[in-house]
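Trainee: I would like to go through this model feature by feature. Please give the convention each time, then the case at hand.

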Amino acid sequence: MTDALALKIADMISTACDGRPTAQEILASDGSLSALGVTSLGLLRLIDAVEEEFDVPLDLDGEAAYLDSFPLLVGHVAARTP
(Lines give C-alpha, C1' and ligand atoms only; values in the text may rest on other atoms or scores of the structure.)
Protein backbone atom coordinates (compact mmCIF):
# COMPACT_ATOMS: atom_id res chain seq x y z
CA MET A 1 0.00 0.00 0.00
CA THR A 2 1.44 3.34 -0.97
CA ASP A 3 1.56 5.92 1.79
CA ALA A 4 0.30 8.75 -0.44
CA LEU A 5 -2.64 6.70 -1.69
CA ALA A 6 -3.50 5.50 1.82
CA LEU A 7 -3.43 9.06 3.14
CA LYS A 8 -5.60 10.30 0.27
CA ILE A 9 -8.20 7.58 0.81
CA ALA A 10 -8.14 8.09 4.60
CA ASP A 11 -8.86 11.78 4.01
CA MET A 12 -11.66 10.85 1.61
CA ILE A 13 -13.24 8.51 4.18
CA SER A 14 -13.03 11.15 6.88
CA THR A 15 -14.55 13.78 4.58
CA ALA A 16 -17.33 11.41 3.52
CA CYS A 17 -18.14 10.93 7.22
CA ASP A 18 -18.01 14.63 8.15
CA GLY A 19 -14.69 14.27 9.96
CA ARG A 20 -15.57 11.31 12.16
CA PRO A 21 -13.38 9.21 12.14
CA THR A 22 -10.29 11.29 11.54
CA ALA A 23 -7.79 10.39 8.84
CA GLN A 24 -5.25 9.43 11.55
CA GLU A 25 -7.73 7.03 13.18
CA ILE A 26 -8.39 5.45 9.80
CA LEU A 27 -4.69 5.09 9.00
CA ALA A 28 -4.14 3.31 12.33
CA SER A 29 -7.03 0.90 11.80
CA ASP A 30 -7.07 -2.53 10.25
CA GLY A 31 -10.67 -3.20 11.26
CA SER A 32 -13.85 -2.79 9.30
CA LEU A 33 -15.07 0.55 8.03
CA SER A 34 -18.30 0.06 9.96
CA ALA A 35 -16.29 -0.44 13.17
CA LEU A 36 -14.74 2.96 12.47
CA GLY A 37 -18.24 4.44 12.36
CA VAL A 38 -18.65 4.69 8.59
CA THR A 39 -22.40 4.76 8.00
CA SER A 40 -24.24 3.71 4.86
CA LEU A 41 -24.50 7.37 3.83
CA GLY A 42 -20.78 7.84 4.44
CA LEU A 43 -20.05 4.75 2.37
CA LEU A 44 -22.12 6.06 -0.55
CA ARG A 45 -20.32 9.40 -0.37
CA LEU A 46 -16.98 7.58 -0.29
CA ILE A 47 -17.87 5.44 -3.29
CA ASP A 48 -18.76 8.55 -5.29
CA ALA A 49 -15.55 10.30 -4.26
CA VAL A 50 -13.30 7.32 -5.08
CA GLU A 51 -14.95 6.74 -8.45
CA GLU A 52 -14.60 10.41 -9.35
CA GLU A 53 -11.04 10.86 -8.07
CA PHE A 54 -9.47 7.62 -9.31
CA ASP A 55 -11.88 6.52 -12.05
CA VAL A 56 -12.15 3.15 -10.30
CA PRO A 57 -15.65 1.68 -10.20
CA LEU A 58 -16.77 0.33 -6.84
CA ASP A 59 -19.62 -2.11 -7.47
CA LEU A 60 -21.97 -2.80 -4.58
CA ASP A 61 -23.80 -5.55 -6.47
CA GLY A 62 -20.88 -7.94 -6.93
CA GLU A 63 -18.11 -9.11 -4.64
CA ALA A 64 -17.41 -5.96 -2.66
CA ALA A 65 -15.10 -7.28 0.08
CA TYR A 66 -12.79 -4.33 -0.65
CA LEU A 67 -15.38 -2.10 1.05
CA ASP A 68 -15.04 -4.05 4.32
CA SER A 69 -11.82 -2.44 5.54
CA PHE A 70 -9.46 0.43 4.88
CA PRO A 71 -6.48 -1.75 3.85
CA LEU A 72 -8.64 -3.74 1.41
CA LEU A 73 -10.03 -0.57 -0.14
CA VAL A 74 -6.56 0.94 -0.59
CA GLY A 75 -5.32 -2.31 -2.12
CA HIS A 76 -8.28 -2.45 -4.50
CA VAL A 77 -7.73 1.12 -5.70
CA ALA A 78 -3.94 0.64 -5.95
CA ALA A 79 -4.39 -2.45 -8.13
CA ARG A 80 -6.59 -0.52 -10.55
CA THR A 81 -4.70 2.75 -10.91
CA PRO A 82 -1.51 3.41 -12.84
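Trainee: Against which helices do the buried residues of H4 pack?

Mentor: Helices here are DSSP runs of H or I with at least four residues, while strands are runs of E with at least two, numbered from the N terminus. The buried residues of H4 pack against H1, helix H2 (23–27) and helix H3 (40–54). Contact means heavy atoms within 4.5 Å. This is a predicted model, where local features need pLDDT of at least 70, side-chain atom pairs count only at pLDDT 80 or more, and totals for chains, interfaces and linings use all residues. Residues are numbered from 1 along each chain as its sequence is written, and side-chain values use heavy atoms, leaving out hydrogens and water.

Trainee: Which residues of H4 are buried?

Mentor: Buried means under 20% relative accessible area, exposed means over 50%, and partly exposed lies in between (1.4 Å probe, protein chains only). In H4, the buried residues are Phe-70, Leu-73, Val-74, His-76 and Val-77. Seen down the H4 axis, they fall within an arc of 160 degrees, so they line one face of the helix. The arc is taken over the directions from the helix axis to the C-beta atoms.

Trainee: Why do residues three or four places apart point the same way in an α-helix?

Mentor: An α-helix has 3.6 residues a turn, so residues at that spacing point the same way.

Trainee: At what angle do H1 and H4 pack?

Mentor: Axes are lines fitted to C-alpha atoms, for helices over the stretch in contact, and angles between N-to-C directions run from 0 to 180 degrees. H1 (residues 3–16) and H4 (residues 70–79) pack at about 120 degrees, with axes 10 Å apart. That makes H1 oblique to H4. Angles under 35 degrees count as roughly parallel, over 145 as roughly antiparallel, 65 to 115 as roughly perpendicular, and the rest as oblique.

Trainee: Which residues make that contact?

Mentor: H1 contributes Leu-5, Ala-6, Ile-9, Ala-10 and Ile-13, and H4 contributes Phe-70, Leu-73, Val-74, Val-77 and Ala-78. By class, the contact has 10 nonpolar residues, no polar and no charged. Ala, Val, Leu, Ile, Met, Phe, Trp, Tyr, Cys and Pro count as nonpolar, Asp, Glu, Lys and Arg as charged, and the others, Gly among them, as polar.

Trainee: Is Ala-78 buried, partly exposed or exposed?

Mentor: At 31% relative accessibility, Ala-78 counts as partly exposed. Its C-alpha is 9.5 Å from that of Phe-54, 24 residues away in sequence.

Trainee: Now the loops. Where is Asp-68, and what does Asp-68 touch?

Mentor: Asp-68 sits in the loop between H3 and H4 and is partly exposed at 45% relative accessibility. Leaving aside neighbours within four places in sequence, Asp-68 is in contact with Gly-31, Ser-32 and Leu-33. Ala-64 is also found in the loop between H3 and H4, but at 19% relative accessibility Ala-64 counts as buried.

Trainee: What should I note about the backbone of Asp-18 and Asp-55?

Mentor: Asp-18 has phi near 55 degrees, a positive value in a residue other than glycine. Asp-18 is in the loop between H1 and H2 and is exposed at 54% relative accessibility. Asp-55 has a positive phi of about 55 degrees and is not a glycine either. Asp-55 lies in the loop between H3 and H4, exposed at 67% relative accessibility.

Trainee: Is the peptide bond from Arg-20 to Pro-21 cis or trans?

Mentor: That bond is cis, with omega near 10 degrees. Pro-21 lies in the loop between H1 and H2.
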